Amino acid sequence: MHIDRTSAVPLHLQIAAHIRGCILRGAFPAGTQFLGSREIARELGCSRTVVLTAWDLLYAEGYLESTPRGSVQVASVATSHAEASPAASPGAAPAHMSNRWRSLLGLDYETNWPSMFAPGAPDISTFPFKEWSRLLRQTWQNPREQECLDLPAEGHPRLRSEIANFLGSVRGLVCSPEEVVVTPGTSGALDFCSRMILDPGDEVWVEEPGFVEARWALTAAGAKLVPIPVDDKGLVVSEGIRRAPRAKLIVVTPSHQYPLGVSMGLERRLELLDWANRNDVWVIEDDYNSEFGHRDSMIASLRSLDREGRVIYFGTFSKIMMPNLRLGYMVANRHFIAGFSKGRARIDVHTSGIGQLALAEFMREGHLLRHLRAMRRVYTSRRRALIEAIAAQMPDDLIVSSAVTGLHLVALFTEAMQARMSDRAAAAALKQAGIHVQPLSQNFLEQPTRQGLVFGYGRLCVEDASPLLARIAACIGSGSRNAPSKSASSSLTARTIKRG
Ligand SMILES: Cc1ncc(COP(=O)(O)O)c(C=O)c1O
């Protein structure tokens, strides 16, 4: 063997790795005896201690044993292991995976996270990192011993209480801290709730088109997803009743349907709740974007219309702060919370405690509200700039669907555009040109009934909107991008579908 003195790997580990490899390959069968350590050290040009340290390691791992006469030989157990798995190569995927996990891997979805047009990405350039890092330092400088041990499965009591206050003032949702659970974001909460509520094969209503990431957690829980169409008043409840009358769970985004952006009308909300109550069905309300809306124009959440504790309300800090925090919350009735927390404590104990107390202080000191107010203005002007740029550059190709709040909008294809190309073809052509926009059709489970592009604008600077749309129009547009901007801005109102 050759030993490499320039390598960062210590010599004894290099020797041990070489001998181990030979044994596993079957090159040194059981009983193979080695020369004495002095002789090996001389041949390799290293100290005897290096060889003895390597031997110690291989003894401990069970590859070597000593003979009654004190020499070193390959142990029989080691070779039987090598024979049993001759083809095993380090890092190879395990042969068995559950069907649920396999179906998860089979789902095709392209995220465009680094793109300017990523739908859920917030702008963090003005995030108050100074305050955030001060509070992280402060809360960790001298923590109470109890807080370094396990937290309650429901989350830090101070954070639960701040979230309840926040929901009351920002969302008009009245709840007590005992009804709040701190979650690892919406995706994580959905993972736990679907395992808690569903047995494999149970039916779930999901919106069509809908939030693909929600479907992943449901799929991993073995749920049978039943796509229910969304029209300009939100989820079509009557279709849900027709398609899956025995569903156990409904997952909806009523305030700002993902991705179309429509808001579910009151009548539909009451119809949904009424059916869920009569059929003992849980409803998950993903209220992912409503903090960006204004209270005056906000429609009451499903949770606040719910008199029977049927609705499990999800919120997230991914958009009003940043997604890598992996922090969100859930509001539900106390019985549900008790069952949830007890079960969850047995799976992953609780959401990471690293940021919980700092976040509670961040909220208590008012930094979150201040940041949110500032970002509402920023996102409103970005949305307006994007809508104007779409209307100016592609009036005959794209129609902006309901776009009143949030961080993204959908530009639906006109019939003429649809006749020219599919949204997947458009997205592929744009990607070639270095612009990464998601096709609407990837949000459908079944045959897409609409074509369009999903534009995130959280990170889109106002001044970039028009040049970027000009590039998009040059790449996939019908050539009408030279329309005068005056007529374009009047077509904006006409071409923006009113929210339901
Ligand atoms: C509809 C919807 N719900 C929730 C979320 C947030 O998910 P999480 O809290 O897991 O980051 C997103 C993020 O893109 C979303 O689009």
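How many disulfides does the structure hold? The answer is zero, and the views below start from there. This is a predicted model, in which local features need pLDDT of at least 70 and side-chain atom pairs count only at pLDDT 80 or more, while totals for chains, interfaces and linings use all residues. Residues are numbered from 1 along each chain as its sequence is written, and side-chain values use heavy atoms, with hydrogens and water left out.

**View 1. Cys22 and Cys46 are in no disulfide.** A disulfide is a covalent bond between the sulfur atoms of two cysteines. Here the term is given to a pair of cysteine sulfur atoms within 2.5 Å. The cysteine sulfur closest to that of Cys22 belongs to Cys46, and at 16 Å it is too far for a bond. (Buried means under 20% relative accessible area, exposed over 50% and partly exposed in between, with a 1.4 Å probe and protein chains only.)

**View 2. Strand β14 pairs with β12 and β13.** Helices (H or I, at least four residues) and strands (E, at least two) are DSSP runs, numbered from the N terminus. Two strands pair if DSSP finds at least two bridges between them. With β12 (residues 408–413), β14 pairs in the antiparallel sense over five bridges, and Leu412 stands opposite Gly452. With β13 (residues 438–439), the pairing is again antiparallel, over two bridges, and here Pro439 faces Leu453. In a regular strand the side chains alternate between the two faces of the sheet. In β14, Gly452, Val454 and Gly456 point one way and Leu453 and Phe455 the other, and all are buried.

**View 3. Val454 is buried in β14.** This residue sits in the strand made of residues 452–456, and its relative accessible area is 0%. Contact here means heavy atoms within 4.5 Å. Leaving aside residues up to four places away in sequence, Val454 touches, among others, Phe117, Pro119, Tyr258, His408, Val437 and Asn443. Asp423 lies 31 residues from Val454 in sequence, and their C-alpha atoms are 9.9 Å apart.

**View 4. The largest cavity has a volume of about 100 Å³.** Rolling a probe the size of a water molecule over the atoms shows where empty space is left. A cavity is a set of points, on a 1 Å grid over the protein atoms alone, where a 1.4 Å probe fits but cannot get out; lining residues have an atom within 4 Å of a point. Grid points are joined across faces, edges and corners, and a volume is the space filled by probe spheres set on the points. The structure holds three cavities of 30 Å³ or more. Residues lining the largest one include Trp140, Glu147, Cys148, His156 and Leu357. The elements giving two or more residues to this lining are α6 (129–141) and α7 (145–148). By class, the lining has six nonpolar residues, three polar and one charged. (Ala, Val, Leu, Ile, Met, Phe, Trp, Tyr, Cys and Pro count as nonpolar, Asp, Glu, Lys and Arg as charged, and the others, Gly among them, as polar.)

**View 5. The second largest cavity holds about 80 Å³ of space.** Among its lining residues are Glu207, Phe211, Arg215, Val251 and Asp286. Helix α10 gives the largest share of this lining, three residues. The lining divides into six nonpolar, two polar and three charged residues.

Terms used: 1 Å grid on protein atoms, 1.4 Å probe; cavity = no way out; pocket = protein on both sides within 12 Å on 5 of 7 lines; lining within 4 Å.
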